[in-house]
Amino acid sequence: SKGDKVVAMFESPRPMNALAEYCSVKEKLMELAPTSVGAAEASCLTSSAVSALNAARKHVKAGSRVLILGGSGGVGTFLIQLAKIAGASYIAATSTDKDLVS
């Protein structure tokens, strides 16, 4: 509906190095933004989360052993969660001293 907050992807080949407050995209490439997170957090779902999901679907299965390099980055934080959900064991390399999964 008009005024709904959405997140969207560009069609491939997508524009690179471009930021805009408004743009035109096809309806099939957008989804309602989650209400539980802010705009900045929701905006990463179309890149980091989708990249992690594609990798997890292709390579991560229950019982898999997964090495996640860049575990504190955008894709890495999603991939850690997806590996845990899938029942895989994982090691995440990161440069932060914070717990990423509890």
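**Close-up views of a predicted protein chain**

**Figure 1. Overview of the protein chain.** The protein chain has an accessible surface of about 7,900 Å², of which 55% belongs to carbon and sulfur atoms; such areas come from the Shrake-Rupley method with a 1.4 Å probe, and for residues only the protein chains shown count as cover. This is a predicted model, in which local features need pLDDT of at least 70 and side-chain atom pairs count only at pLDDT 80 or more, while totals for chains, interfaces and linings use all residues. Residues are numbered from 1 along each chain as its sequence is written, and side-chain values use heavy atoms, with hydrogens and water left out. Three helices and four strands are present, arranged along the sequence as β-β-α-α-β-α-β. Helices (H or I, at least four residues) and strands (E, at least two) are DSSP runs, numbered from the N terminus. Of the 102 residues, 18% are buried. Buried means under 20% relative accessible area, exposed over 50%, and partly exposed in between (1.4 Å probe, protein chains only).

**Figure 2. The largest nonpolar core.** Nine residues make up this core: Ala52, Ala56, Val60, Val66, Ile68, Leu79, Ile80, Ala83 and Ala88. Two or more residues each are given by α2, β3 (65-69) and α3 (74-86), and the largest share, three residues, comes from α3. A nonpolar core is a set of buried Ala, Val, Leu, Ile, Met, Phe, Trp, Tyr and Cys residues joined through side-chain atoms within 4.5 Å. In soluble globular proteins, nonpolar side chains tend to be buried together.

**Figure 3. Surroundings of Val60 and Ala86.** Residues up to four places away in sequence not being counted, Val60 touches Ala55, Val66, Ala83, Ala86 and Ala88; contact means heavy atoms within 4.5 Å. Ala86 belongs to helix α3 and counts as partly exposed because its relative accessibility is 28%. With the sequence neighbours up to four places away again left out, Ala86 touches Val60, Lys61 and Ala62. The C-alpha atoms of Ala86 and Ser64 are separated by 8.8 Å, although these residues lie 22 residues apart along the chain.

**Figure 4. Ile91 in strand β4.** Ile91 is part of strand β4 (residues 89-93). Its relative accessibility is 59%, so Ile91 counts as exposed. Neighbours within four places in sequence aside, Ile91 is in contact with Val66, Leu67 and Ile68. From Ile91 to Gly71 the C-alpha distance is 8.7 Å, and the two are 20 residues apart in sequence.

Figure 5. Ser48 is found in helix α2 and is buried because its relative accessible area is 14%. Apart from neighbours within four places in sequence, Ser48 is in contact with Gly74, Val75 and Phe78. Thr46 sits in the loop between α1 (39-43) and α2 (48-59). A polar atom of the Thr46 side chain lies 3.4 Å from the backbone oxygen of Ala8. Thr46 touches Val7, Ala8 and Met9, residues up to four places away in sequence not being counted.

**Figure 6. A nonpolar patch on the surface.** Val6, Met30 and Leu32 form this patch, with about 240 Å² of accessible area together. Patches are made of residues with over 30% relative accessible area and no salt bridge; like charges are joined within 9 Å, and nonpolar side chains (Val, Leu, Ile, Met, Phe, Trp, Tyr) within 5 Å. A salt bridge is a side-chain nitrogen of Lys or Arg within 4 Å of a carboxyl oxygen of Asp or Glu. Leu32 lies in strand β2 (residues 30-32) and counts as exposed because its relative accessibility is 51%.

Key: Polar contact = N/O pair within 3.5 Å; in protein donor to acceptor, adjacent residues only side chain to side chain.
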